[in-house]
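Dear colleague,

Please find the structure below, together with its sequence. I would be grateful if you would read the notes that follow it with the model open beside them.

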Amino acid sequence: MAESSAVFDTSAGGVDDGLRSTHILATLGFGCLLGWELSMVFAPAFPLLAFCDLRQAIFLRVASVLALALAYALSAWKADWVFVHRNRLFTLGSLLALVTVANTCANLLFGGLPFGTSVLAWVLIGVAQASIALYWCVFFSLVPARRTPLTVSLGSVVGTTLFVIVNSSGVVWVNLMGIILLIVGSVGLVAYLSLHIPRDSVLPVKEYRRTPTLSWKAALSVACHGVVYGFMSIELCSMGFEAALVGGASGMVGTLLALLWSVLGPRVDIDTGVVQRISLPPLVASVLLFPFFDGPGRIACACLANIALAHTTLFSWYSTSVENHEFRLHPVDRFALRQVPSQVGFFFGSMLAYVLIFVLQTTGVAFSLVMVVLAIVVVAAFSVYGGDESKTKAQLDEMLALAAGTAAGLVRSQEDDEAVDDRRPGRFKQNCEVVAERYALTPREAEVFPLLAKGRNAAYIAENLGVSPATVKSHIYHIYQKLGVNSQQNLIDIVDGCDDRES
């Protein structure tokens with residue numbers, strides 16, 4: 001592919017220089033995606049649904065969320081087929097969103113279209129949202145991961161800004177034109193970038209690793225976060241145009257915090273569990289305080305929840321993409337499976353708000369009790385899931401700690417060996433290559449292995465390779481598993497054993 005080299009050329013100036021144009025385009029395209037998604041989340045309060053009353057608008061939004069969850073479930077079920085046909089399938093699927101805009105235009109110009117037509121249009125936009133999100137996740141999973149967190153974070157800053165610009169005027173036709181530009185911009189840029197990914201960087205679909213489905217503990221925790229997000233988005237929409245606009249814009253704070261983690265990169269050992277712990281207190285506080293306020297106070301509580309959820313969602317977005325690339329994980333399967341519980345939770349949260357506001361018209365003590373129960377469920381779900389993740393992480397850290405006491409000695413020993421041994425230049429590198437081939441290490445594991453064999457720790461390797469310590473630890477864990485060792489000393493012995501076999 002002649003054009004591939006123009007976009008992904010890394011021959012001059014390394015990855016950072018060679019992929020600069022790709023990152024710029026990806027930042028703009030991902031920004032269009034986030035601006036589009038935020039516009040859909042708060043659509044009941046915006047001109048896109050101005051042709052119907054608030055109850056009908058919320059019903060249409062809830063229908064789109066249900067379609068979104070089902071589209072993710074279907075994609076996970078047929079993940080291999082979806083991946084093989086991804087470019088055409090995702091492009092056409094994403095452009096279905098234009099049907100929804102056309103439906104709004106038809107209702108505004110001619111009026112009185114059957115409500116079932118609008119339901120169908122919003123079901124299609126749910127399918128479109130799943131398509132475009134999967135398209136971007138697959139793209140980020142197939143390109144070098146060093147700058148993915150920064151690209152996604154900056155794209156989210158751009159996306160939140162675009163959301164405000166597109167929706168702040170309140171003028172129907174301006175809003176609709178802005179939505180069209182967001183849809184076309186996001187789809188067009190990801191399609192262009194995806195079609196120019198070098199063929200040799202895409203594995204045959206059967207060679208990607210299939211990860212197990214989320215445990216019920218993890219799925220419950222993710223779903224509970226979705227419930228809060230769905231609930232707060234409908235509450236903000238019910239408060240009017242300004243409340244929805246402020247609520248959507250408030251996510252910028254959480255985005256900036258996620259941007260901080262992406263800038264710090266390998267200098268911080270942070271994972272999804274840590275991010276969720278940071279976000280849990282403001283999330284629970286917003287739910288508990290919500291019944292005690294009216295007007296601006298409730299908007300502030302909803303914004304607090306939105307900030308926390310934007311933080312966790314964005315970090316999960318780019319950490320999933322990086323892990324997919326680093327560990328050759330099936331991008332469609334993994335992303336879709338992790339989105340299903342989130343969207344199911346969003347659906348139930350939206351339904352809960354709809355019932356409380358429009359059906360039961362719950363107020364006072366009854367409403368406060370519902371919010372307390374919701375807060376308890378969120379905390380309980382996180383406690384169960386967080387404990388499980390902590391145990392897993394502790395086991396990994398314990399295994400890595402076996403080598404910590406000898407790391408410094410191993411470095412000195414290796415340096416001494418290299419200083420006095422001139423019998424075979426490059427012998428250490430050759431031995432590492434032999435071991436990597438013999439134990440079927442992945443390309444990234446083969447990069448980590450020589451540094452590990454020199455006694456370097458996870459922090460040093462992370463800084464050297466430009467990835468997070470948590471990612472490096474996972475690579476080390478997989479290397480230890482493949483070699484059947486539990487310390488760096490055992491690993492060094494295997495490398496040295498190559499010389500014994502040759503002699």
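The notes below go from the whole chain to single residues.

This is a predicted model, in which local features need pLDDT of at least 70 and side-chain atom pairs count only at pLDDT 80 or more, while totals for chains, interfaces and linings use all residues. Residues are numbered from 1 along each chain as its sequence is written, and side-chain values use heavy atoms, with hydrogens and water left out.

**The chain as a whole**

The protein chain has 22 helices and 0 strands; these are DSSP runs, numbered from the N terminus, with helices being H or I of at least four residues and strands E of at least two. Of its 503 residues, 53% are buried, where buried means under 20% relative accessible area, exposed over 50% and partly exposed in between, with a 1.4 Å probe and protein chains only. A contact means heavy atoms within 4.5 Å. Among contacts in the chain with a separation of 6 or more, 83% are between residues 24 or more positions apart.

**Two packed helices**

Two packed helices are described by the angle between their axes and the distance between the axes. Helix α3 (residues 20-41) packs against helix α10 (residues 172-195) at an angle of about 140°, and their axes are 8 Å apart. Here the axes are lines fitted to C-alpha atoms, for helices over the stretch in contact, and angles run from 0 to 180 degrees between N-to-C directions. Residues that make the contact include Leu25, Gly29 and Trp36 of α3 and Ile183, Ser186 and Tyr192 of α10. By class, this contact has 13 nonpolar, 6 polar and no charged residues; Ala, Val, Leu, Ile, Met, Phe, Trp, Tyr, Cys and Pro count as nonpolar, Asp, Glu, Lys and Arg as charged, and the others, Gly among them, as polar.

**Aromatic rings**

Rings of Phe, Tyr and Trp (its six-membered ring) pair if their centres lie within 6.5 Å; planes under 30 degrees apart count as stacked, over 60 as edge-to-face and the rest as tilted. By this rule there are 21 aromatic pairs. One of them joins Phe42 and Phe163, whose ring centres are 6.2 Å apart with planes at 50°, so the pair is tilted. Phe42 lies in the loop between α3 and α4 (54-77), and Phe163 lies 121 residues away in helix α9 (residues 148-168). Phe42 counts as buried because its relative accessibility is 1%, and Phe163 is buried at 0%.

The rings of Phe231 and Phe290 also have centres 6.2 Å apart, but their planes stand at 75°, so this pair is edge-to-face. Phe231 belongs to helix α11 (residues 216-238), whereas Phe290 is in the loop between α13 (272-289) and α14 (296-327), 59 residues apart. Phe231 is buried at 0% relative accessibility, and Phe290 is buried at 0% as well.

Ring pairs also link Phe30, Tyr72, Trp136, Phe139, Phe140, Trp317 and Phe335 into a cluster.

**Charges over rings**

A charge sits over a ring if NZ of Lys or CZ of Arg is within 6 Å of the ring centre and within 35 degrees of the ring normal. The charged end of Lys78 sits over the ring of Trp77, 4.5 Å from its centre. The charged end of Arg86 sits over the ring of Phe83, 4.3 Å from its centre.

**Two further residues**

Thr160 is in helix α9 and is buried at 5% relative accessible area. Beyond its neighbours within four places in sequence, Thr160 is in contact with Leu38, Gly248, Ala249, Met252 and Thr255. Gly273, in helix α13, is buried at 3% relative accessibility. Gly273 and Thr312 are 39 residues apart in sequence and 9.4 Å apart in space, C-alpha to C-alpha.

Yours sincerely
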